[in-house]
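Me: I am new to this structure. Please walk me through the terms used for it, one by one.

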Amino acid sequence: MLWIIILFILLLIIDFQLGRFLVSKRNKSQNWRTTAEEVELFADGNSLFEAMLSDIEKATESIDIQFFIIRNDRISNQFYTLLAHKHEEGVRVRLLADWMGSFKFREKWLDQKVFMRKMNPPRIPFFYHLQQRNHRKVLVIDQKISYFGGFNLGNEYVGKDVLLGKWRDYHFRMVGEIGEVLQQSFAIDWGETNKGQISQTGDVKVLATEGDVLEKELLHYMENTKESIEIGSPYFIPTRKLEQALIDALARGVDVTIMVPDKSDHIIAKAAALPYLRKMKEHGATIYLYVDGFFHAKVLFFDRKTCDAGTANFDRRSLQLNQELNLIVSHEHPIYHEIRKAFEADIKTSKKITDTWLNHQPLYIRTLSWISFPFRIFL
């Protein structure tokens with residue numbers, strides 16, 4: 001029996017490493033330069049979904065909508081009903097979700113009322129592709145109005161989860177050429193081959209990444225930071241290179257600030273973050289726990305001059321496995337000002353982590369912290 005277990009584990013390792021190799025050779029990451037106008041930030045799911053539904057209602061040509069997770073609940077069915085109605089009107093409607101992220105959702109529930117696909121179905125190498133997930137969230141209406149950020153589609157994102165309470169996230173509504181970029185990102189995920197040409201000029205950099213491309217991008221910024229690095233993420237499980245980059249930054253006098261939620265929607269991920277948070281604090285980082293509900297936003301600031309925000313968590317899954325979508329802007333852009341204002345407000349709604357907090361975690365959390373060590377790549 002033991003040799004069967006060993007063989008099984010060995011096959012999983014070979015499968016996973018083969019998948020990583022293939023992605024490195026066939027990486028589909030993209031980056032664009034574009035512009036965005038009429039920028040509006042939503043940090044609350046109720047107001048976000050209300051705005052989305054209003055814009056969808058006004059669509060005349062096309063609706064491309066993509067989430068990592070979709071549900072079969074009240075708020076989700078509001079969207080499905082409206083999308084079906086727009087499809088009947090002659091608007092092209094395409095709905096895309098991740099196969100694993102929306103595993104429980106059945107396409108038959110839509111009764112073929114809109115075009116729908118699930119991305120990343122199981123395929124060889126099986127174990128690797130079971131772990132790689134499309135984590136992007138995009139809505140593009142008539143290639144003019146676009147939404148992009150951290151919210152998925154479901155009741156919990158409007159604060160209906162009793163345990164998590166209010167859901168805090170960052171999601172943008174934008175008008176401008178960025179709609180063409182996000183529509184192209186969607187089209188690539190949908191499987192279209194003729195993607196067309198987009199002008200590569202503008203003050204917004206959009207990154208559609210997979211594999212370790214995002215890790216390399218962030219590493220570049222961290223290694224060149226001189227004054228401050230600020231990180232907001234629901235999970236904090238950095239890669240070895242990014243962990244070392246943060247430690248090196250602290251050693252050369254850079255102020256490092258990290259904000260994570262006090263509550264957790266994934267207890268193992270919370271436990272796995274503890275050793276990293278402890279190490280960061282030991283090296284001089286300031287760490288905050290967001291306490292007014294569940295913090296799910298993903299944002300980084302470098303020297304208060306550059307901001308990276310989007311769908312990628314600060315964890316190994318987002319940084320080395322998932323298909324993610326982020327944008328990078330300078331401090332002069334309205335997107336930066338909107339996120340900066342929200343981030344500073346959330347810092348005020350947080351408490352600093354103390355040695356007492358770190359040293360008095362429940363036994364089961366500390367146990368999970370050790371157990372999760374070999375599986376950090378999947379967290």
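This is a predicted model: local features need pLDDT of at least 70, side-chain atom pairs count only at pLDDT 80 or more; totals for chains, interfaces and linings use all residues.

Reply: Arg-94 forms a salt bridge with Asp-64, and their closest N and O atoms are 2.8 Å apart.

Me: What makes Arg-94 and Asp-64 a salt bridge?

Reply: The cut-off is 4 Å between a side-chain nitrogen of Lys or Arg and a carboxyl oxygen of Asp or Glu. The closest N and O atoms of Arg-94 and Asp-64 are 2.8 Å apart. That is within 4 Å, so the pair counts as a salt bridge. Side chains of opposite charge can pair when their charged atoms come close.

Me: Which parts of the chain does the pair link?

Reply: Distant ones. Arg-94 sits in strand β4 (residues 92-98) and Asp-64 in strand β3 (residues 62-67). The two residues are 30 residues apart.

Me: How many salt bridges does a search of the whole structure find?

Reply: The search finds 17.

Me: Now the helices. Why are α8 and α12 called roughly perpendicular?

Reply: Two packed helices are described by the angle between their axes and the distance between the axes. The axes of α8 and helix α12 (residues 363-371) cross at roughly 75°. Angles of 65 to 115 degrees count as roughly perpendicular. The angle falls in that range, therefore α8 and α12 are roughly perpendicular to each other. Their axes come within 8 Å.

Me: Which residues make the contact?

Reply: From α8 come Ile-267, Ile-268, Ala-271, Leu-274 and Pro-275. From α12 come Tyr-364, Ile-365, Leu-368 and Ser-369. By class, the contact has 8 nonpolar, 1 polar and no charged residues.

Me: What lines the second largest pocket?

Reply: That pocket has a volume of about 590 Å³. It is lined by 21 residues, and Phe-16, Gln-17, Pro-374, Ile-377 and Phe-378 are the closest to its centre. α1 gives the most to the lining, with 6 residues. By class, the lining has 10 nonpolar, 3 polar and 8 charged residues.

Technical notes
Residues are numbered from 1 along each chain as its sequence is written. Side-chain values use heavy atoms; hydrogens and water are left out. On a 1 Å grid over the protein atoms alone, a cavity is a set of points where a 1.4 Å probe fits but cannot get out, and a pocket is an open set with protein on both sides within 12 Å along at least five of seven lines; lining residues have an atom within 4 Å of a point. Grid points are joined across faces, edges and corners, and a volume is the space filled by probe spheres set on the points. Helices (H or I, at least four residues) and strands (E, at least two) are DSSP runs, numbered from the N terminus. Ala, Val, Leu, Ile, Met, Phe, Trp, Tyr, Cys and Pro count as nonpolar, Asp, Glu, Lys and Arg as charged, and the others, Gly among them, as polar. Axes are lines fitted to C-alpha atoms, for helices over the stretch in contact, and angles run from 0 to 180 degrees between N-to-C directions. Angles under 35 degrees count as roughly parallel, over 145 as roughly antiparallel, 65 to 115 as roughly perpendicular and the rest as oblique. Contact means heavy atoms within 4.5 Å.
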